[in-house]
Amino acid sequence: EHLKLRLPVDYKRAITDYLREIGRVIKDTIETHWEINFFENVLLVLTVPAEYSKRDNDIMKRCIYNAGLIKEEYSKNLQFTTEPEAAAIYCMENKLNELQEDDIGMTFMVVDCGGGTVDLTTRKLVGINPLQLGEVKERIRDFCGSTFVDRMFIKFLRERLGTRAIDLYMENYYNQFQFLVREYCKNVKEPFTGDNREFNYELDIEEYAPALLQYVDEEIREMMEENGWIINIKYNDIKLMFDPIIESILHLIRKQLDVIQETCSKMFLVGGFCENKYLQNRIKKEFQDTVKLIEVSAQPIAAISRGAVVYGSNILEYKESDKESGIFPIVLKYTYGVKLCFDWKEGIDSSYRKTTDGKIFKFSPLVKRGTKVEVGQEFNLDYYHSSSSFNFQLYRTPEYNAEYCDAPGMELVGTMQIDLPDDHLGLNRPLAFGISFDQMEISAFAKNSMTGQMYVTRFGPHDV
């Protein structure tokens, strides 16, 4: 919570304004290349953190709609995928020409080191032509991206120039402060490899942060004036800025390797932080005896965006062929099921849950967490009902087993109503309810088994 930015406007407005501006660039770029209808002929793929909840994704979809990038809020021309998913797709897509049939079954890890977070996802190569990836273990992440190295630099400045001086400088001259940090990144953080112990950088405070001078106290001022307001950032100083963050990344990788409990053949490093040679060298040195191949992907900063494009292409190919697409199976993070009414049984069911007519409502699972599912694979159940309509309430829980829909962690995904006006067909009329998945959305269907009437809806986007 303490890492969240403090915005001067509502965050939804900030997101919407940003998307609207980038949308103008998208639309202008498309217009210069093709004569097409943007709202009909363009598929947008938005990458989001793997931990985004249904609520988070719903907010993003609303912001995209308000920004004028889709015509309807639930447009099929917008698809979501997770950032680790897109990164994994990109890494393996670039290796397609090198892959052999013997590589099928190979396990690989993608280490995405960004600005704020480091995300790890472990995948298994299921097929080559087309590319098919299965998930081995759930993704993990931690807050140990490159901006935390910047924070260590700020801590270094506080130690040299005083906490009060830095706080006042950040508060009153934030743009100038950001310029100072960018200079540090360009001249220190980015070129640092850890190999040259003579590496150092002379930071000229008077040149790059002139407004800071007024806040420095008298004792530090005298010392800084003797040095010409130059701070010499030495090798060991820089190492101390990097090492705590890199140790967190190494710990995260070790943890994931321990969890998967099988040989990891390849490790791909993506994300802007992975361009840093010192980070690359530390990872390779630490895991060279555990992982057969560790490499930095081509264009690591763009890996997620390019993976999203491949993902979108696979969606279109799947729609055209109705049989083959790229990134399966999905490993479910939740157990999915519906709320159903049963006869209450003495000695088995809880007495306080008994209704006045001798019934009890329970959670009836459709598919358990940890199940590997194909896109479009259906999970359904048959149910008998006697009234003129019925509401199927779809729930999910992070637990493998659950008995009631008010259990801790249980979440209502959505509701679907099915009409049963045909009273003349008698009591206990058969219904069928089912769900299927794609990478981030759930399709639900309900069918009146006696009349054949079908009801279909989509719940999403979801982190399935």
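**Notebook: helix packing and one arginine**

I use oblique for what remains once angles under 35 degrees are called roughly parallel, over 145 roughly antiparallel and 65 to 115 roughly perpendicular.

I am working on a predicted model, in which local features need pLDDT of at least 70, side-chain atom pairs count only at pLDDT 80 or more, and totals for chains, interfaces and linings use all residues. I number residues from 1 along each chain as its sequence is written, and side-chain values use heavy atoms, with hydrogens and water left out.

**Entry: H1 and H3**

I looked up the geometry. Helix H1 covers residues 11–33 and helix H3 covers residues 54–66; they pack at an angle of about 50°, with axes 8 Å apart. The axes are lines fitted to C-alpha atoms, for helices over the stretch in contact, and the angles run from 0 to 180 degrees between N-to-C directions. H1 passes H3 in a right-handed crossing, meaning that the near helix is turned clockwise from the far one by less than a right angle.

I then listed the contact (heavy atoms within 4.5 Å). H1 brings Tyr11, Lys12, Ile15, Thr16, Leu19 and Arg20, and H3 brings Arg55, Ile59, Met60, Cys63, Ile64 and Asn66. By class I get seven nonpolar, two polar and three charged residues. Nonpolar covers Ala, Val, Leu, Ile, Met, Phe, Trp, Tyr, Cys and Pro; charged covers Asp, Glu, Lys and Arg; the others, Gly among them, are polar.

**Entry: H6 and H7**

I turned to helix H6 (residues 163–172) and helix H7 (residues 174–189). Their axes come within 5 Å and cross at roughly 115°, so I note H6 and H7 as roughly perpendicular to each other. Tyr169, Met170 and Asn172 in H6 meet Tyr174, Gln176, Phe177 and Leu180 in H7. This contact divides into five nonpolar, two polar and no charged residues.

**Entry: Arg282**

Is Arg282 buried or exposed? Arg282 counts as buried because its relative accessibility is 19%. Buried is under 20% relative accessible area, exposed over 50%, partly exposed in between (1.4 Å probe, protein chains only). I place Arg282 in helix H11, residues 277–287. Leaving aside neighbours within four places in sequence, Arg282 touches Asp243, Ile246, Glu247 and Leu250.

**Entry: whole protein**

I count 12 helices and 19 strands. These are DSSP runs numbered from the N terminus: helices are H or I, at least four residues; strands are E, at least two. Of the 464 residues, 48% count as buried.
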